[in-house]
Amino acid sequence: MKLGIALVTGGADLETLLEQVGTARKAGFESAFFNQYASLDAISVAGLAGRLNPGMEVGTSVAITYARHPYAMAEQALAANAISGGSFTLGLGPSHKQFVEAMYGVPYDRPAVHVREYLTALRPLLRGEPVDFQGETLSVTGQISAPGAEPPPVLIAALGPVMLRVAGELADGTILTWVGAPFIGDFVLPRITAAAEAAGRPAPRVFAPAMVCITSDPDRVRGELDAQMGIAGDLAAYRAVLDRQGLSGVHELLIAGDENEVEKGVERFASAGVTDLAIIPMGTPEEKARTFAFFSR
């Protein structure tokens, strides 16, 4: 299982983000993935971070499909992969109805159909192939010539069975959110693997973020997390996946305790079939530093 770090672009300036990636690389983390929400463009930041940290995978988790036409997304992803020296991975997702319709002014209709059509047009564009696609949710006609730019891997945010099937058939894997190891092993992995096999595609990557805190007071940290991020459970897609796991909120997914307890929690992800784990240190500044140091090597 590949161990990386998940970084939040919101509220951070470029120099801070680049410094965080450099620190993570020196600490032995193999990847750094950036989220995207009303902040610096994650694709651009990832491309530059990859160029400054050769050999470290960089990517987005996730860039929003509704925010960019597939042609524009392909152009930017190819540029980011060229800038990074070929270490960029494009993580995509449709986001949520509340955000898309309010921020971008476009209807959030049939997101699974939208994502399937998006990938159907995007993948050949990334390969430099001509595309003439007329779908129910989007149309794409054109071809991109980007000498020296290789198509990056593409991962799709998927939590339900329909989206997991799309990810297995058309993407290189999935990026998960608010899921624990048992759900990945019992629900995610069988579905995405079966879809990939049926489509004749390689075994998919399963990328999962994990909130982690080495602390002597796990209950306090979970309570603080519930107060800060409990609103995530109000979003339809997140509520559905939490309900499938029998969880009241995202705070229950925190891996917290001493080093031994945290190590066991991380090992459960590896046993469940996760290929890429992105650590999100939580807690006080001291607890975050202790957690980061534990995973450094």
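## Helix α5

The expected span of a helix is 1.5 Å times one less than its number of residues. In this predicted model, helix α5 covers residues 111–126, a run of 16 residues. From its first C-alpha to its last, α5 reaches 22 Å, close to the 22 Å expected at 1.5 Å a residue.

The buried residues of α5 are H114, V115, E117, Y118, L119, A121, L122, R123, P124, L125 and L126. Their packing partners include two helices, α3 (70–84) and α6 (161–170). Strands β5 (88–93), β6 (131–134), β7 (139–142) and β8 (154–157) also pack against the buried residues of α5. After α5 comes G128, which has a positive phi near 80 degrees.

Y108 is placed in the loop between α4 (97–104) and α5. With a relative accessible area of 15%, Y108 is buried, because the cut-off for that class is under 20%. Apart from neighbours within four places in sequence, Y108 is in contact with Y66, P94, S95, H96, K97, V100 and E101. A polar atom of the Y108 side chain lies 2.7 Å from the backbone oxygen of S95. By contrast, the C-alpha atoms of Y108 and N53 are separated by 37 Å, the two residues being 55 apart along the chain.

Two of the residues in contact with Y108, K97 and E101, are joined to each other by a salt bridge, at 2.9 Å from N to O. Both lie in helix α4, four residues apart, about one turn of the helix. E101 is partly exposed, at a relative accessible area of 30%, and K97 is also partly exposed, at 43%.

R68 and D41 are both buried.

A further salt bridge is formed by the side chains of D276 and R205, at 2.8 Å from N to O. D276 lies in strand β12 and R205 in strand β10 (residues 205–214), so the pair ties together parts that are 71 residues apart in sequence. Both residues are buried, D276 having a relative accessible area of 4%. K2 and E57 are linked with R205 and D276 in a network of salt bridges.

Strand β12 comprises residues 276–281 and includes D276. Not counting residues up to four places away in sequence, D276 touches M1, K2, E57, R205, V206, F207 and A208.

T89, in strand β5, is buried at 2% relative accessibility. Leaving aside neighbours within four places in sequence, T89 is in contact with F33, E57, V58, G59, T60, P153, L155 and R205. E57 and R205, named among these contacts, also belong to the salt-bridge network with K2 and D276.

## A nonpolar surface patch

L14, L40, L48 and L52 make a nonpolar surface patch of about 300 Å². L14 is located in helix α1 (residues 14–26). At 33% relative accessibility, L14 is partly exposed.

Notes: Residues are numbered from 1 along each chain as its sequence is written. This is a predicted model: local features need pLDDT of at least 70, side-chain atom pairs count only at pLDDT 80 or more; totals for chains, interfaces and linings use all residues. Side-chain values use heavy atoms; hydrogens and water are left out. Buried means under 20% relative accessible area, exposed over 50%, partly exposed in between (1.4 Å probe, protein chains only). Contact means heavy atoms within 4.5 Å. A polar contact is a pair of N or O atoms within 3.5 Å; within protein, one must be able to donate a hydrogen and the other to accept it, and residues adjacent in sequence count only if both atoms are side-chain atoms. Patches are made of residues with over 30% relative accessible area and no salt bridge: like charges are joined within 9 Å, nonpolar side chains (Val, Leu, Ile, Met, Phe, Trp, Tyr) within 5 Å. Accessible areas come from the Shrake-Rupley method with a 1.4 Å probe; for residues, only the protein chains shown count as cover. A salt bridge is a side-chain nitrogen of Lys or Arg within 4 Å of a carboxyl oxygen of Asp or Glu.
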